[in-house]
Amino acid sequence: MCDHDTQFFIDLESGVWDALVSGDAGADRALLSADFVGVYPTGFATRAEHAEELSEGPTVASYSITDARLIDVAADVVLLCYRAEYQRPGSHEEETMFISSLWCRRDGRWLNTFSQDSPAAPAAPDPAGAP
């Protein structure tokens with residue numbers, strides 16, 4: 001099995017997030033495969049539908065990627081799993097998702113072919129009553 005570099009795939013994934021921050025649908029499309037499928041709390045999305053979400057501008061104001069794990073599926077396929085914390089434009093509320101993204105090398109380029117976002121459960125209240 002291959003030993004891929006986790007940071008390399010975090011950087012690729014950050015390119016998708018950066019497109020959401022800048023509202024750049026072209027940059028978003030360039031990182032997603034033509035047969036991309038996204039599975040989200042709101043349903044499924046194709047590459048065109050994912051990029052269309054940016055038609056009115058950025059959908060994310062800021063983000064961070066933490067707790068990344070990389071699974072080598074095959075020589076040209078990896079699964080990047082991580083925690084994303086982000087804020088929407090105009091919001092002060094931070095949202096958290098656990099995300100799995102499948103990256104495949106096709107014709108020498110790494111493309112995101114599948115992504116699934118799972119909302120994090122709300123934090124449990126502190127039994128000591130601390131905020």
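This is a predicted model: local features need pLDDT of at least 70, side-chain atom pairs count only at pLDDT 80 or more; totals for chains, interfaces and linings use all residues.
Residues are numbered from 1 along each chain as its sequence is written, and side-chain values rest on heavy atoms, with hydrogens and water left out.

Secondary-structure elements are DSSP runs numbered from the N terminus, with helices (H or I) of at least four residues and strands (E) of at least two. Accessible areas were computed by the Shrake-Rupley method with a 1.4 Å probe, and for residues only the protein chains shown count as cover. A residue is termed buried under 20% relative accessible area, exposed over 50%, and partly exposed in between (1.4 Å probe, protein chains only).

Aromatic pairs were assigned to rings of Phe, Tyr and Trp (its six-membered ring) whose centres lie within 6.5 Å; planes under 30 degrees apart are called stacked, those over 60 edge-to-face, and the rest tilted. Four aromatic pairs were found by this rule. One of them joins Phe 9 and Trp 110 in an edge-to-face arrangement, with 4.8 Å centre to centre and 90 degrees between the planes. This pair links distant parts of the chain, since Phe 9 belongs to helix α1 (residues 6-22) and Trp 110 to strand β6 (residues 109-119), 101 residues apart. Phe 9 and Trp 110 are both buried. A further pair, between Trp 17 and Tyr 63, is stacked, at 5.2 Å centre to centre and 20 degrees between the planes. The Trp 17 and Tyr 63 pair also links distant parts of the chain, helix α1 to strand β3, across 46 residues. Trp 17 is buried, because its relative accessibility is 7%, whereas Tyr 63 is partly exposed at 25%. Ring pairs also connect Phe 8, Phe 9 and Trp 110 into a cluster.

A salt bridge was assigned where a side-chain nitrogen of Lys or Arg lies within 4 Å of a carboxyl oxygen of Asp or Glu. The structure contains four salt bridges. In one of these, Arg 106 is joined to Asp 35, with 2.9 Å between the closest N and O atoms. Arg 106 lies in strand β5 (residues 94-106) and Asp 35 in strand β1 (residues 32-40), so the bridge ties together parts that are 71 residues apart in sequence. Both ends are partly exposed, Arg 106 with a relative accessible area of 35% and Asp 35 with 43%. Another salt bridge connects Arg 83 and Glu 85 at 2.9 Å, N to O; Arg 83 is partly exposed at 23% relative accessibility. The salt bridge between Arg 88 and Glu 95 has an N to O distance of 3.5 Å. Arg 88 is partly exposed at 33%, as is Glu 95 at 27%.

Surface patches were built from residues with over 30% relative accessible area and no salt bridge, with like charges joined within 9 Å and nonpolar side chains (Val, Leu, Ile, Met, Phe, Trp, Tyr) within 5 Å. Lys and Arg count as positive and Asp and Glu as negative, with His and the chain ends not counted; each charge is placed at NZ of Lys, CZ of Arg, CG of Asp or CD of Glu. A negative patch comprises Glu 49, Glu 52, Glu 53 and Glu 56.

Asp 67, placed in strand β3, has a phi of about 55 degrees. Asp 107 has a phi near 50 degrees and lies in the loop between β5 and β6. Asp 107 is classed as exposed because its relative accessibility is 84%.

Gly 26 is in helix α2 (residues 25-31) and is partly exposed at 35%. Its C-alpha lies 17 Å from that of Gly 38, twelve residues apart in sequence. Gly 15 is in helix α1 and is partly exposed at 22% relative accessibility. Gly 15 and Thr 113 are 98 residues apart in sequence, with 14 Å between their C-alpha atoms.
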